[in-house]
Amino acid sequence: EIECGDAWQVVQDVDGTALMVVDGLGHGTFAAEAARTCISAFTSAPADAPKDVLLRANKMMSRTRGGAAAMARLSKGSLVYSGVGNISGLLVTPEQSQGLMSHNGTLGMHQRPAQQLEYQVLPGALLIMHSDGVSARWDLKQRPELLRAHPAIIAAALYRDHGRNRDDATVVVIAT
């Protein structure tokens, strides 16, 4: 496709870091439009609670094809996370990997309010979020050298080793 249906955005402010990852339904122009709409809902007020950003995105994306999205807000040793659809989110340390919960559904058509959960972030943890263009069947415990690598190297390795050829793919890695 000429246009990518996945998108992501990171915003840092005095209170912490906010990250949004979105996968517009399908491929091409209409998926890209849905993804841009979701990112616009995020960038209009990235300091808002993740559940509120997803609620705004749901309303704005109702005029598009819709999609899956998740938002994380890192601040002072905690992470607040909300997701709808199949965006994978994980907190990873050398000792453990904790999946972040998303709810079933499609933004733009989601009927119930988005929920959010708060997680404790251990020192040195990685926040890894990716679209379904990357298989979720990876385990960094099997690749301990990657845990010490720069986040861009980790994202590139996950994409290279687990990306699917027939789908848009996004991987974002943030060192906490």
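The average pLDDT of the chain is 95, and 100% of the residues score at least 70. This is a predicted model, and its confidence is lowest in helix α3, residues 144-147, with a mean of 90. The highest value, 98, belongs to strand β8, residues 126-130.

Let me turn to helix α2. This helix covers residues 50-61, and its 12 residues should span 16 Å at 1.5 Å a residue. The C-alpha atoms at its ends lie 16 Å apart, in agreement with that expectation.

Which residues of α2 are buried? They are Pro 50, Val 53, Leu 54, Ala 57, Asn 58 and Met 61. Viewed down the axis of α2, these buried residues fall within an arc of 140°, and therefore they line one face of the helix. As a general point, an α-helix has 3.6 residues a turn, so residues three or four places apart point the same way. The partners against which the buried residues of α2 pack are α1 (28-43) and the strands β2 (16-24), β3 (67-75) and β4 (78-84).

My last topic is Thr 170, located in the loop that connects α4 (151-162) with β9 (171-175). Is Thr 170 buried or exposed? Its relative accessibility is 8%, so Thr 170 counts as buried, the cut-off being under 20%. Its side chain forms a polar contact with the side chain of Asp 6, at 3.1 Å. Beyond its neighbours within four places in sequence, Thr 170 contacts Asp 6, Ala 7, Trp 8, Val 21, Met 129, His 130, Ser 131 and Val 134.

Thank you for your attention.

Methods: Residues are numbered from 1 along each chain as its sequence is written. This is a predicted model: local features need pLDDT of at least 70, side-chain atom pairs count only at pLDDT 80 or more; totals for chains, interfaces and linings use all residues. Side-chain values use heavy atoms; hydrogens and water are left out. Helices (H or I, at least four residues) and strands (E, at least two) are DSSP runs, numbered from the N terminus. The expected span of a helix is 1.5 Å times one less than its number of residues. Buried means under 20% relative accessible area, exposed over 50%, partly exposed in between (1.4 Å probe, protein chains only). The arc is that of the directions from the helix axis to the C-beta atoms. Contact means heavy atoms within 4.5 Å. pLDDT is the predictor's confidence in each residue, from 0 to 100. A polar contact is a pair of N or O atoms within 3.5 Å; within protein, one must be able to donate a hydrogen and the other to accept it, and residues adjacent in sequence count only if both atoms are side-chain atoms.
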